[in-house]
Amino acid sequence: MTTLRERNGTETLSEFMRYLANHEESAGQTLPALTELSRELGVSVASLREQLEVARALGLVEVRPRTGTRRLPYTFAPAVRQSLRYALALSDGYFQKYSELRNRIEAAYWLEAVKILTDEDKRELQALIVRAREKLNNSPIQVPHEEHRNLHLLIYRRLDNPFVTGLLEAYWDAYEAVGLNRFMGSYEYLQEVWGYHARMVEAICTGNFEAGYEALVKHTDLLYHRPA
């Protein structure tokens with residue numbers, strides 16, 4: 001049976017990206033110099049440099065002085081980040097639209113994601129709750145943004161789907177870009193948010209996934225009703 005890759009090939013890709021797609025065994029290894037690739041691919045060095053910059057922006061390669069160019073494992077997040085940054089430069093209103101998409105993704109993949117979390121993952125989730133509460137009980141209060149981000153991404157990190165995890169990772173970059181990581185609001189609001197997080201984690205750890213789902217859905221509405 002013909003695969004999608006065999007049917008469609010890579011003819012719509014640049015020569016450099018086609019080379020990457022056809023040399024998966026080079027992942028993590030240093031790629032040949034551009035002069036060598038130029039001879040092999042029949043493309044000018046100047047054109048390859050332009051193609052390399054596109055690949056780097058998409059997170060497909062890493063370029064370091066003296067060590068050369070290294071092919072990276074595939075991830076969807078860099079491509080989404082680039083587009084999302086441009087959207088936010090046009091209008092902050094795009095954040096709410098993307099936030100709605102992210103909420104639906106989390107809800108749709110909740111059950112699949114929490115079922116495959118390990119015991120170590122669950123302990124890490126519990127530790128994040130403890131650290132967040134410590135910050136909230138400090139004087140002055142600290143916003144537990146790092147814990148917030150890590151908690152949500154940890155729940156979905158075992159999914160074998162780079163597109164889902166990439167979309168979720170890009171959300172948190174946008175969250176920070178619009179300044180929500182610095183949002184304080186009221187103490188009561190922050191406590192309510194982390195109350196839902198605690199319920200989600202407790203439900204995951206006890207296997208009561210439906211209760212965790214309900215807490216997830218309810219807590220996502222808080223962002224739209226946060227105090228100014």
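Buried means under 20% relative accessible area, exposed over 50% and partly exposed in between, with a 1.4 Å probe and protein chains only. The model is predicted, so local features need pLDDT of at least 70 and side-chain atom pairs count only at pLDDT 80 or more, while totals for chains, interfaces and linings use all residues. Residues are numbered from 1 along each chain as its sequence is written, and side-chain values use heavy atoms, with hydrogens and water left out.

**View 1. Overall chain.** The chain has eleven helices and two strands, taken as DSSP runs numbered from the N terminus (helices H or I, at least four residues; strands E, at least two). From the N terminus on, the order is α-α-α-α-β-β-α-α-α-α-α-α-α. Of the 228 residues, 39% count as buried.

**View 2. The largest nonpolar core.** A nonpolar core is a set of buried Ala, Val, Leu, Ile, Met, Phe, Trp, Tyr and Cys residues joined through side-chain atoms within 4.5 Å. The largest one has 43 residues, and Trp110, Leu125, Leu151, Ile155 and Tyr156 have the most contacts inside it. Elements giving two or more residues to this core include helix H5 (77-90), helix H6 (93-115) and helix H10 (187-206). H10 supplies the largest share, nine residues. Apart from this core lies another, of 13 residues, among them Met17, Tyr19, Leu34 and Leu60.

**View 3. Surroundings of Tyr156.** Contact means heavy atoms within 4.5 Å. Leaving aside residues up to four places away in sequence, Tyr156 touches Glu106, Ala107, Tyr109, Trp110, Ala113, Thr165, Leu168 and Leu216.

**View 4. Arg102 in helix H6.** Arg102 is placed in helix H6 and counts as buried because its relative accessibility is 6%. Its side chain makes a polar contact with the side chain of His152 (3.2 Å); such a contact is a pair of N or O atoms within 3.5 Å, where within protein one must be able to donate a hydrogen and the other to accept it, and residues adjacent in sequence count only if both atoms are side-chain atoms. Beyond four places in sequence, Arg102 touches His152, Leu168, Tyr171 and Trp172.

**View 5. Tyr171 and Trp172.** Rings of Phe, Tyr and Trp (its six-membered ring) pair if their centres lie within 6.5 Å; planes under 30 degrees apart count as stacked, over 60 as edge-to-face and the rest as tilted. The ring centres of Tyr171 and Trp172 are 5.1 Å apart and the planes stand at 80°, so this pair is edge-to-face. Tyr171 is buried at 1% relative accessibility, and Trp172 is buried with a relative accessible area of 1%. Phe95, Tyr171, Trp172 and Tyr175 form one aromatic cluster.
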